[in-house]
Amino acid sequence: MSQRFSAVCKYRRASWSQQHTLHLFVRICEMWILLVRNSFISAECQIDKDTSFENKGFGVAFSKCTHIGKNGLIAQRVFVGDRSNNREAQVISNDCFTCAGAAILSPIKVGSNVAVGINAILLNGAPSIAVWKGLLQNA
C-alpha cells in the first residue's frame, strides 16, 4: 500500500482541512484513520512534517493537545493523551524515539533526544538525552 493510505497522510489532510474550516472533511479523514488504520489522530494535534511512523501509523492515538517535534519516530500502538479533562498539552520534543506500546500521559514534556522504551508509561516529564523504560512517575 502506498504512503497516501497511511494514517499520517490522512492526518495531514485533516489538519489542513481544520485550518481551512472544512469540518465535514476533517471528520471524514478522522473516521478513515479510525476505521482503516485502527488509530485516532486528532486534526487539532501538531505533528512536524519530519516525524515518521512505523507501520504507517497503525494503532496510535494522539489527543487534541499533542505536539510532536522534528525528526521523531513513533512506533505502533503508542498512546499520547490526557489523563484528566483539563486539556493540558503533551509535548514530545525533537529527535525522540517512541517504541511500541508506550503511553505518554499529560501534562508532560518529553525532552529532545529521548528514547521511550517498549510498553513504557510516562506520567511526568522526561529530561533531554535519556532512555526511559517501565513506569516513570518522578523524573
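**A walk from the helices to the loops**

Let's start at Leu24, which sits in helix α2. This is a predicted model, so treat what follows as a tour of a prediction. Leu24 is exposed, with a relative accessible area of 63%; the cut-off for that label is over 50%. The biggest contributor to the patch is helix α2 (residues 23-37), which supplies 3 residues.

Now look at how α2 sits against its partner. A pair of packed helices is described by the angle between the axes and the distance between them. Here helix α1 (residues 7-19) packs with α2 at an angle of about 165°, and the two axes are 8 Å apart. Roughly antiparallel begins over 145 degrees, so α1 runs roughly antiparallel to α2. As for handedness, α1 and α2 make a left-handed crossing.

While you're on α1, find Arg12, which belongs to that helix. Arg12 counts as partly exposed, at 27% relative accessibility. Follow the chain 37 residues along from Arg12 and you reach Lys49; the C-alpha atoms of Arg12 and Lys49 are separated by 8.8 Å.

Next come the salt bridges. How many does a search of the whole structure find? It turns up 1. The partners are Glu44 and Lys64, with their closest N and O atoms 4.0 Å apart. Glu44 is in the loop between β1 (40-41) and β2 (46-47), while Lys64 is in the loop between β4 (61-62) and β5 (66-68), so this pair ties together parts that are 20 residues apart in sequence. Both ends fall in the partly exposed class: Glu44 has a relative accessible area of 37%, and Lys64 has one of 38%.

Finally, a stop at the backbone. Most residues other than glycine have a negative phi. With that in mind, check Asn55, where phi is positive, near 50°, although the residue isn't glycine. Asn55 lies in the loop between β3 (52-53) and β4, and it is partly exposed, with a relative accessible area of 48%. You'll find Ile129 in the loop between β13 (121-122) and β14 (130-132). Is Ile129 buried or exposed? At 68% relative accessibility, Ile129 counts as exposed.

Notes
Residues numbered from 1 in each chain as written. Predicted model: local features only at pLDDT ≥ 70, side-chain atom pairs only at ≥ 80, totals over all residues. Heavy atoms only, no water. Helix = DSSP H or I, 4+ residues; strand = E, 2+ residues; numbered from the N terminus. Buried < 20%, exposed > 50% of the residue type's maximum accessible area, 1.4 Å probe, protein only. Axes fitted to C-alpha atoms, helices over the stretch in contact; angles between N-to-C directions. Parallel < 35°, antiparallel > 145°, perpendicular 65-115°, else oblique. Left-handed = near helix turned anticlockwise from the far one by under 90°. Salt bridge = Lys/Arg side-chain N within 4 Å of Asp/Glu carboxyl O.
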